[in-house]
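Here is a briefing for someone meeting this structure for the first time. Please look over the sequence and the model before reading the notes that follow.

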Amino acid sequence: MATASQPEGGPDPQPLSRTLLMMILDDRLSDRFVCELIWRRLGYRPQAGAVSDPAGKPGTSKPWLATSATPATWAEAFPQAPELIATRPASVRLTRSIPAEHKQLLKGQLGFAGYRIGELVPRRTRRATAVNWLLADLAARGEDLPEQGPLPEPLVPPESPLQGHPGDPPVH
């Protein structure tokens, strides 16, 4: 699995926990927030002068760019961090980057059986892929998933799982 280790400059500003990952699956965090969790682990960093908002509120950040810590396959395909949930090519690359031995971590570690038929839309499927990737990244580094940890302020789940939260880019 192509990953960058710890973010430059110290510990992860948003450590993972079971509670945090369940908030993602329950659509309680923005798509941007989810992307930033992965971008940081892939070695992308905010463009100089960018402001990163911990809750992923719209209009508060600039593009994230590949760095020397970004795996070459990602940096070449996406010099600017891709919208992993909104765009299919980025989501497909994320899915394919999960090693076979880690493909079932959603079910095995979180007990996540999937969404119900009425909830099964590309945006939600891609959020589940993002959580599975985050679990696989932890497993590849030999780290355990803590039950609890610091959490951002949860959002109200969007009325339409197709649209997402205000500021989330449209899914295509």
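In what order do the elements of the protein chain run from the N terminus on? In this predicted model, the order is α-α-β-β-α-α-α-α, and the secondary structure comes to six helices and two strands.

**The chain as a whole**

- Of the 172 residues in the protein chain, 45% are buried.

**Confidence in the prediction**

- The protein chain has a mean pLDDT of 87, and 85% of its residues reach 70 or more.
- Residues 3-10 have a pLDDT below 50, although this stretch has 21 contacts in the model beyond near neighbours in sequence.
- Residues 54-59 likewise stay under 50 in pLDDT, and for them the model has nine contacts beyond four places in sequence.
- Where pLDDT is low, the predicted coordinates should not be read in detail.

- Helix H1 spans residues 18-25, and within it Leu20, Leu21, Met23, Ile24 and Leu25 are buried.
- The crossing in which H1 passes H6 is right-handed, and the contact is made by Leu21, Met23, Ile24 and Leu25 on the side of H1, and by Arg127, Ala128, Val131, Leu134 and Leu135 on the side of H6.
- Sorted by class, the residues in this contact of H1 with H6 are eight nonpolar, no polar and one charged.

**Helix H2 against H6**

- H2 and H6 pack at an angle of about 30°, and their axes are 11 Å apart; because angles under 35 degrees count as roughly parallel, H2 is roughly parallel to H6.
- H2 and H6 cross in a left-handed way, with Asp31, Val34, Leu37, Ile38 and Arg41 of H2 meeting Arg123, Arg127, Ala130, Trp133, Leu134 and Asp137 of H6.
- The residues of the contact of H2 with H6 comprise six nonpolar, no polar and five charged.

**Helix H4 against H6**

- Helix H4 (residues 88-96) crosses H6 at roughly 35°, with the axes of H4 and H6 coming within 10 Å.
- This crossing of H4 past H6 is left-handed, and the contact is made by Arg88, Ser91, Leu94 and Thr95 of H4 with Arg126, Thr129, Ala130 and Trp133 of H6.
- The contact of H4 with H6 has three nonpolar, three polar and two charged residues.

- Is arginine 123 buried or exposed? Arginine 123, which lies in helix H6, has a relative accessibility of 1%, and it counts as buried because buried means under 20%.
- Not counting residues up to four places away in sequence, arginine 123 touches a set of residues that includes Asp27, Asp31, Ile85, Leu162, Gln163 and Asp168.
- Between arginine 123 and glutamine 163, which are 40 residues apart along the chain, the C-alpha atoms are separated by 8.3 Å.
- Leucine 162 lies in the segment after H6 and, leaving aside its neighbours within four places in sequence, is in contact with Val121 and Arg123.
- The C-alpha atoms of leucine 162 and valine 121 are separated by 6.6 Å, whereas along the chain the two residues are 41 residues apart.

**Aspartate 27**

- Where is aspartate 27 placed? Aspartate 27 is in the loop between H1 and H2, just after H1.
- The phi of aspartate 27 is near 60°, which is a positive value in a residue other than glycine.
- Aspartate 27 has a relative accessible area of 0% and is therefore buried, and it is one of the residues that arginine 123 touches.

Notes:
Residues numbered from 1 in each chain as written. Predicted model: local features only at pLDDT ≥ 70, side-chain atom pairs only at ≥ 80, totals over all residues. Heavy atoms only, no water. Buried < 20%, exposed > 50% of the residue type's maximum accessible area, 1.4 Å probe, protein only. Helix = DSSP H or I, 4+ residues; strand = E, 2+ residues; numbered from the N terminus. pLDDT = per-residue confidence, 0-100. Contact = heavy atoms within 4.5 Å. Left-handed = near helix turned anticlockwise from the far one by under 90°. Nonpolar A, V, L, I, M, F, W, Y, C, P; charged D, E, K, R; others polar. Axes fitted to C-alpha atoms, helices over the stretch in contact; angles between N-to-C directions. Parallel < 35°, antiparallel > 145°, perpendicular 65-115°, else oblique.
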